Amino acid sequence: MTRSALGPSPLEENLRYLANSIGGRITGSMGADKASGWAVEALRHAGVDEVHTEKFTIPAGWTPAPAHVEILGQTKLSVEAVSAGWSPPTPEGGITGNVVDVGLGDAAGFAKAGSALRGAIVLVHTVIPSSWEGLRREGEAGAAVAKRAQNMGAVGILWMAARPDPSVERRSATLDGQIGVLPQAVVARGDAERIARLTAGTTPVKAHFEMPNQVTGPVESENVVAEIRGRENPSRFVLLGAHLDSWGLGDGALDDGCNAALVIDAARVIHASGTIPRRSIRFVLFTGGEQDMLGSRAYAKAHSVELDGMVAAVIFDRGNGRLTGYSLGGRKDILDAVRTALEPVQPLGAKGFTLDAPLFTDNFDFLLEGVPTLVANQDVASFIVNDHTASDTFDKVDIAELKRHVAAAAITAYALADAKMRIGPRQSRGEVDRLLRDTGLEREMKATGSWAEWESGERGSAP
Ligand SMILES: [Zn+2]
């Protein structure tokens, strides 16, 4: 399989087409539909047994419009901004209000601003993340800040970009796929700093903020699913997945186009090897990845009766940096079995296994269902600086590295599907509950609003 993955392959052309010809693909948009149509064809070419799409409904359709911020008064300043994902539009005619700086947007920053926040546009500072942990905190911060702003009577939020100037990222205004509570836009760091300097004076600074995003009711999206059927136990399966959608500022090459192309090419490599594993392998490209993993959540729900037979979910969603191993989502109990089963992947660099439990990727709903999950651990490389920005383009992907990852993904999925024994059992609800507390996921889920869904049984295995 390694030779087939590293040799001549359709991988590069596939990614080039997805990134350059289809480009941005926000869940529910025409771009995302085009991408799933393309993925069906590409998987058919890969030679798998069966390919189909599975529709699901997302709470709202969303199309961003250009955002514009104008500082009024003596010092005129006109700034282009980028709408936060799933942000509501500004009301007809835009918003006019004083800009109030709340620092990093923590409780102290809001308390200090106090009553000045009523009817105001909040300016929130950010830190440029340099690690996966920093990126996770960036994802987590939004919900709490928006809630504070709303509670204090603010009418809009301007975020300082958390990417080096002049780059601007699309951060998410919501973590549940619903339209967010306040109009939110991101402005380049330099612009945000200029606005902050103006507001530091004694006279209030007024601004006009306009962003006519289009919002609709629920819309359909679709996951793309292919299968290589196992020879002994076809109803048992390993899932190899990545997300097909992107935030649409750039071409979503690193996040997560390269890994969507990887999943397709891993299917080709396994099929071409002519060997059939004991259990099945499903290759799944999720949409809704950027909207609180709506696609994988829908998949777990639609397939709930099959999950006892699901051996593992293997997810790639960390760009193109060197693969170092897998995060096992807090499952100490599977560590030895995974290490043994994945010996063949060691020469490709995947030798380290970590027990952290990442929140923001498509393994999450499988973890909540008690299914063992493996999320590829990779070096940050050029991921963060380009993530969710206009610079996430094809040229950022190192194809030779991606080919090595195809080999690793193919061998990983095959090894887990073919191992004599499963790497671990499906956990009970009680065991998952303990894992959520032990790994710190409970705290993060509370911060991001998904804990209630777990507690009510709406999400995760039923009691
Ligand atoms: Zn992603």
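These are my notebook entries on what I looked up in this predicted model.

**Ground rules.** I number residues from 1 along each chain as its sequence is written. Because the model is predicted, local features need pLDDT of at least 70 and side-chain atom pairs count only at pLDDT 80 or more, while totals for chains, interfaces and linings use all residues.

**Domains.** I began with the division of the protein chain, which gives domain 1 (2-59 + 218-455) and domain 2 (65-213); the bounds come from an automatic or database domain assignment. Their centres, taken over C-alpha atoms, are 33 Å apart. The contact between them takes 21 residues from domain 1 and 25 residues from domain 2; I call two residues in contact if their C-beta atoms, placed from the backbone, lie within 7 Å. On the domain 1 side, α11 (383-386) and α14 each supply at least two residues. Helix α14 gives the largest share of that side, three residues. Helices (H or I, at least four residues) and strands (E, at least two) are DSSP runs, numbered from the N terminus.

**Helix α14.** I stayed with α14 (residues 441-448) and found Leu-441, Glu-444 and Met-445 buried. A residue is buried if 20 or more other C-beta atoms lie within 10 Å of its own, exposed if 12 or fewer, and partly exposed in between, with C-beta atoms placed from the backbone. Down the axis of α14, the buried residues fall within an arc of 100°, so they line one face of the helix; the arc is that of the directions from the helix axis to the C-beta atoms. Their cover includes α5 (132-151), α13 (429-439) and α15 (451-455). Just after α14, I noted that Gly-449 takes a positive phi of about 90°.

**Helix α6.** Next came α6 (residues 189-199), where Arg-189, Asp-191, Ala-192 and Ile-195 are buried. These buried residues fall within an arc of 160° seen down the axis of α6, so they too line one face of the helix. Among the elements covering them are β3 (67-71), β5 (95-101) and β8 (184-187).

**The core.** Which residues touch the most other members of the largest nonpolar core? I found Val-122 and Ala-413, in a core of 146 residues. Helix α7 (residues 253-273) gives the largest share of this core, twelve residues. Both domain 1 and domain 2 give residues to the core, so it lies between them. By nonpolar core I mean a set of buried Ala, Val, Leu, Ile, Met, Phe, Trp, Tyr and Cys residues joined through C-beta atoms within 7 Å. Not counting residues up to four places away in sequence, Val-122 touches Val-100, Val-102, Leu-117, Ala-149, Ala-154, Ile-157 and Leu-158.

**Strand β15.** I then turned to β15 (residues 323-327), where four of the five residues are buried. It pairs with β17 (residues 373-378) in the antiparallel sense over four bridges; strands pair if DSSP finds at least two bridges between them. Here Ser-327 stands opposite Val-375. With β16, β15 runs parallel and is joined by three bridges, and Gly-325 stands opposite Gly-352 there.

**Leu-342.** My last stop was Leu-342, in the loop between α9 (335-341) and β16 (352-354). Is Leu-342 buried or exposed? It counts as buried because it has 23 C-beta neighbours inside 10 Å. Leaving aside neighbours within four places in sequence, Leu-342 is in contact with Ala-350, Thr-412 and Ala-415. Leu-342 and Leu-158 are 184 residues apart in sequence and 46 Å apart in space, C-alpha to C-alpha.
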